[in-house]
Amino acid sequence: MVKVQWYPGHMEKARREMTEKLKAVDLVIELRDARIPAASTNPLLNMLAKDKPRLIVLSKTDMADPEQTKEWVQALKSDNVSCLALDLMRDPHCGRKIIREALAVMEPKRTKQRARGINPRAVRAMACGIPNVGKSTMINRIAGKNTVKAADKPGVTRSLTWIHADPELDLLDTPGVLWPKFDDEMTGALLAAYGSINDDILDVKMIAMDAIHVIQDLYPGKLEKEYDAENVNPNGMLKAIAAKRNLLRADSQPDMKRAAELFLNDLRKGRLGGMTLEHVRSEDQENMSE
């Protein structure tokens, strides 16, 4: 499995600013990719915000395995953590759902304030997540307008910005931040496969083969059917993709790099059907959101 790391300077700057701003927020809204719910959480966030109430939003559910999404929602919930799974692109009510759930998470604290005669102010929430997970889209859905720029690539948001998204909810928009060193190679490989790491630094063939290996293990026969391939190893699958899509080099040999790029594009766009490349395991049931 290829080793992947990507931690540009603006991420370290954002991490320092987020650490300071956490003191001023009531709630953390963390966006994760429903296709990789464990790999798409930042362990630094877990450490820095461990005492804050949290709402985890699983995005891109239209491209994930619906049964696995249900299991992940249950696995991620705990006393201080709520979880929603939403299609941010197609659900017209997703913004209101997030606001409702955020206020529900904060209701115990707000009830105590009212009991003391204090009229609760708007909840201050930090919206955060890894690069290219859909955070800007989520903020625009909550605000009901295109407040921040959204793009299908990592690294668009570079600074922290307060947004009055709703009369009862103020959002602190933050850049997509990774962490300096991945604990295991699989995390880096999955993040790279789904576009959270700059493609320019990657060996796309190796990233594609790692993803193919995971899919063949979790969804046997799916790629073989999609690309009219025999039961072959990941390298053989790339050759089959090149043959099916007529991707040849000048010497008439399969163009493996273009086949890898095509496969990764199919994967990222959901053209291979709903898949979740991290399944909930029994050992994941405890402390999953910590």
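# Helix packing and salt bridges

Reader: Which residues in α7 meet which in α10?
Author: From α7, the residues are V204, K205, I207, A208, A211, I212 and I215. They meet M256, K257, A260, E261, F263, L264 and L267 of α10. Bear in mind that this is a predicted model.

Reader: How does that contact split by class?
Author: The contact of α7 with α10 has 11 nonpolar residues and three charged ones. It has no polar residues.

Reader: At what angle do α7 and α10 pack, and how far apart are their axes?
Author: The angle is about 50° and the axes are 9 Å apart. Helix α7 covers residues 204-218, and helix α10 covers residues 256-268.

Reader: Oblique or perpendicular, then?
Author: Oblique, because of that angle. The perpendicular class takes 65 to 115 degrees.

Reader: Is the crossing left-handed or right-handed?
Author: α7 and α10 cross in a left-handed way.

Reader: Now α9. At what angle does α7 pack with it?
Author: About 105°, with the axes of α7 and α9 set 9 Å apart. Helix α9 runs over residues 234-244. The two helices are therefore roughly perpendicular.

Reader: Which residues make that contact?
Author: On the α7 side, K205, A208, M209, I212, H213 and Q216. On the α9 side, P234, N235, M237 and L238.

Reader: How many of them are nonpolar, polar and charged?
Author: In the contact of α7 with α9, six are nonpolar, three are polar and one is charged.

Reader: Switching to electrostatics. How many salt bridges are there?
Author: The count is 20 salt bridges.

Reader: Which residue does E168 pair with, and at what distance?
Author: E168 forms a salt bridge with R110, at 3.4 Å from N to O. The pair joins distant parts of the chain, 58 residues apart. E168 lies in the loop between β5 (161-166) and β6 (169-173), while R110 sits in helix α4 (residues 94-115).

Reader: Is R110 buried or exposed?
Author: R110 is buried, since its relative accessibility is 7%. The limit for buried is under 20%.

Reader: And E168, buried or partly exposed?
Author: E168 is partly exposed, with 35% relative accessible area.

Reader: What does R114 pair with?
Author: R114 makes a salt bridge with E107, at 2.8 Å from N to O.

Reader: What are the relative accessible areas there, for R114 and for E107?
Author: R114 has 42%, so it is partly exposed. E107 has 31%, so it is partly exposed too.

Reader: What about E20? Which residue does it form a salt bridge with?
Author: With K23. The closest N and O atoms of E20 and K23 are 3.4 Å apart.

Reader: How accessible are E20 and K23?
Author: E20 has a relative accessible area of 49%, so it counts as partly exposed. K23 reaches 66%, so it counts as exposed. The cut-off for exposed is over 50%.

Reader: Which residues are linked in a network of salt bridges?
Author: D26, K109 and R121 form one such network.

Reader: Last topic, the whole chain. How many helices and strands are there?
Author: The chain has 10 helices and six strands.

Reader: What share of the residues is buried?
Author: Of the 290 residues in the chain, 53% are buried.

Reader: And what share of contacts comes from residues 24 or more positions apart?
Author: 69%, taken among the contacts in the chain with a separation of 6 or more.

Definitions and conventions
Residues numbered from 1 in each chain as written. Predicted model: local features only at pLDDT ≥ 70, side-chain atom pairs only at ≥ 80, totals over all residues. Heavy atoms only, no water. Axes fitted to C-alpha atoms, helices over the stretch in contact; angles between N-to-C directions. Helix = DSSP H or I, 4+ residues; strand = E, 2+ residues; numbered from the N terminus. Parallel < 35°, antiparallel > 145°, perpendicular 65-115°, else oblique. Left-handed = near helix turned anticlockwise from the far one by under 90°. Contact = heavy atoms within 4.5 Å. Nonpolar A, V, L, I, M, F, W, Y, C, P; charged D, E, K, R; others polar. Salt bridge = Lys/Arg side-chain N within 4 Å of Asp/Glu carboxyl O. Buried < 20%, exposed > 50% of the residue type's maximum accessible area, 1.4 Å probe, protein only.
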